[in-house]
Amino acid sequence: MVNNIDIESIVKSVIANMNNVGEQKSNDGSYGIFENMEDAINASIKTQKKVKVLPLEFREKIIANIRKKTIENAEIMAKLGVEETGMGRVGDKILKHKLVAEKTPGTEDIKTIAWSGDRGLTLVEKGPFGVIGAITPSTNSSETVICNTIGMLSGGNTVVFNPHPGAIGVSNFAVELVNKASVEVGGPNNIATSVVKPTLESADVMFKHKSIGLLVATGGPGVVTAVLSSGKRAIGAGAGNPPVVVDETADIKKAAYHIFNGATFDNNLPCIAEKEVVVVEEVADELIYYMEEAGSYKIEGNQIDDLIKTVLIDKNGKLVLNRKFVGKDASYILDAIGIKVDDNIKCIIFEADENHPLVVEELMMPILGIVRVEDVDKAIDLAVELEHGNRHSAHMHSKNVDNLTKFGQKIDTAIFVKNAPSYAAIGFGGEGYCTFTIASRTGEGLTSASSFTKNRRCVMAESLCIR
Ligand code: NAD
């Protein structure tokens, strides 16, 4: 077990190494980190030959140790993530790492389908793709590395990462962690590999490598389009802009607290988090009242103009996300527009019309635009529009089953949370498993081990049916 002093010194030493990442030498690839992509892929190819023949029980042994080490190192990775990327909240990142350790499915997710009858026995078994190339985001960096590794290894694969350059220290810490976990229980090294300095060029080497059968991209629209244009099989887990609808039948106080909790979790970095609210006029004042009670600060008039100029518009008046404010505390963002609040304020809210850029754009900041509409039908139609066809996530607070059904059918998203904070979708206060790779664009939805496998039909004619 590591104590507080150890945690601080580990974080400092990783950050110190990261600061000269250009000159940083690989640690001879001893726990999965390589100087260049070719070497990372070659090591992965070698390890995959071993993983392919590992009994499922042994894969589970490695995964159990990955889970254990993730929990032990949750605080280190949380602090490292916040320090390196400048985004998110340490407490919430600790919870995210624990969630990924406890609720990411392992080999049990891979199920065989069988038919038996007069003509024998036929199975569809799920085999590995082999070596998988994975791109990971800056927003849930180490969480995604660990989540992907558990799922991919369960399926008999190894994985090569090209992590986000802005989160390379914490991502590669996670790559080393999973390899140490494997080696510690007698498994192979390099179940996951990565590079010292990921670039678009190193991603391109991965995209074109003949030994990589599957690409998995978790990130914004650019990278998803890139993997889908690669000519390889690809899983694209892209951007969302999840709307939350509140109708007049909802428990408004509960709805306000749930929206507040979901939208402020890790300062709104998760792609599933509530990004704008559409509320039926009749209950709008009450919702805002309780959102303020929960810890939101409501801005108005010029303050909204100042906010947009600060977080979204560049000097030339173009709509460009100011990365400096992504994942930052509400108090930090408010300070930038001249408003001082204490740390109890975790969310910025404002009322706007449906075309307001702060409502329309995915900000990944604890900022929620609230749009009032006449009735639930208008709310549903507007929310569908604001989701931009990402088909990613949407949320609703209502006690009317017909309204919930109507919205679910119309918005057709991979995730639809009802009467809970958005994070219930990934098993945090909701039933079901966890993932940090939600593939709405390519249709896998919440990925798990079986998403990283190929179907293999095995047919035994005439025999083995004993019915
Ligand atoms: P990003 O798109 O800036 O980066 C994601 C990764 O893609 C990084 O590793 C980056 O280096 C790489 N990349 C970007 N363009 C590329 C290209 N053309 N070729 C190769 N690699 C490329 O995303 P981010 O800011 O780190 O993360 C936030 C975004 O990701 C948001 O839009 C969020 O909604 C989305 N996201 C989606 C999911 C999901 O499961 N669907 C999960 C997390 C984040």
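Modeller: This is a predicted model. In it, helix 15 (residues 376-386) packs against helix 16 (residues 401-411) at about 25°, their axes being 10 Å apart.

Biologist: Are helix 15 and helix 16 roughly parallel or roughly antiparallel to each other?

Modeller: The angle between helix 15 and helix 16 is about 25°, and angles under 35 degrees count as roughly parallel. Helix 15 and helix 16 are therefore roughly parallel.

Biologist: Which residues of helix 16 meet helix 15, and how many nonpolar residues does the contact of helix 15 with helix 16 have?

Modeller: Helix 15 contributes V376, D377, I380, D381, A383 and V384, and these meet N403, K406, F407, K410 and I411 of helix 16. By class, this contact of helix 15 with helix 16 has 4 charged residues, 1 polar residue and 6 nonpolar residues.

Biologist: What is the handedness of the crossing in which helix 15 passes helix 16, and in which does helix 3 pass helix 5?

Modeller: Helix 15 passes helix 16 in a right-handed crossing. For helix 3 and helix 5, the crossing is left-handed.

Biologist: How are helix 3 and helix 5 oriented relative to each other, roughly parallel or roughly antiparallel?

Modeller: The axes of helix 3 (residues 56-72) and helix 5 (residues 90-103) come within 9 Å and cross at roughly 165°. Angles over 145 degrees count as roughly antiparallel, so helix 3 and helix 5 are roughly antiparallel.

Biologist: Which residues of helix 3 meet helix 5?

Modeller: On the helix 5 side, the residues are H97, K98, V100, A101 and E102. The residues of helix 3 that meet them are R67, T70 and I71.

Biologist: At what angle do helix 4 and helix 7 pack?

Modeller: Helix 4 covers residues 74-85 and helix 7 covers residues 168-184, with their axes 8 Å apart. They are roughly antiparallel, packing at an angle of about 155°.

Biologist: Turning to the ligand, which residues around it come nearest?

Modeller: There are 30 residues around the ligand. Those that come nearest are T136, S138, G238, E362 and I438.

Key
Residues are numbered from 1 along each chain as its sequence is written. This is a predicted model: local features need pLDDT of at least 70, side-chain atom pairs count only at pLDDT 80 or more; totals for chains, interfaces and linings use all residues. Side-chain values use heavy atoms; hydrogens and water are left out. Axes are lines fitted to C-alpha atoms, for helices over the stretch in contact, and angles run from 0 to 180 degrees between N-to-C directions. Helices (H or I, at least four residues) and strands (E, at least two) are DSSP runs, numbered from the N terminus. Angles under 35 degrees count as roughly parallel, over 145 as roughly antiparallel, 65 to 115 as roughly perpendicular and the rest as oblique. A crossing is left-handed if the near helix is turned anticlockwise from the far one by less than a right angle, and right-handed if clockwise. Contact means heavy atoms within 4.5 Å. A residue is near a molecule or strand if one of its heavy atoms lies within 4 Å of it. Ala, Val, Leu, Ile, Met, Phe, Trp, Tyr, Cys and Pro count as nonpolar, Asp, Glu, Lys and Arg as charged, and the others, Gly among them, as polar.
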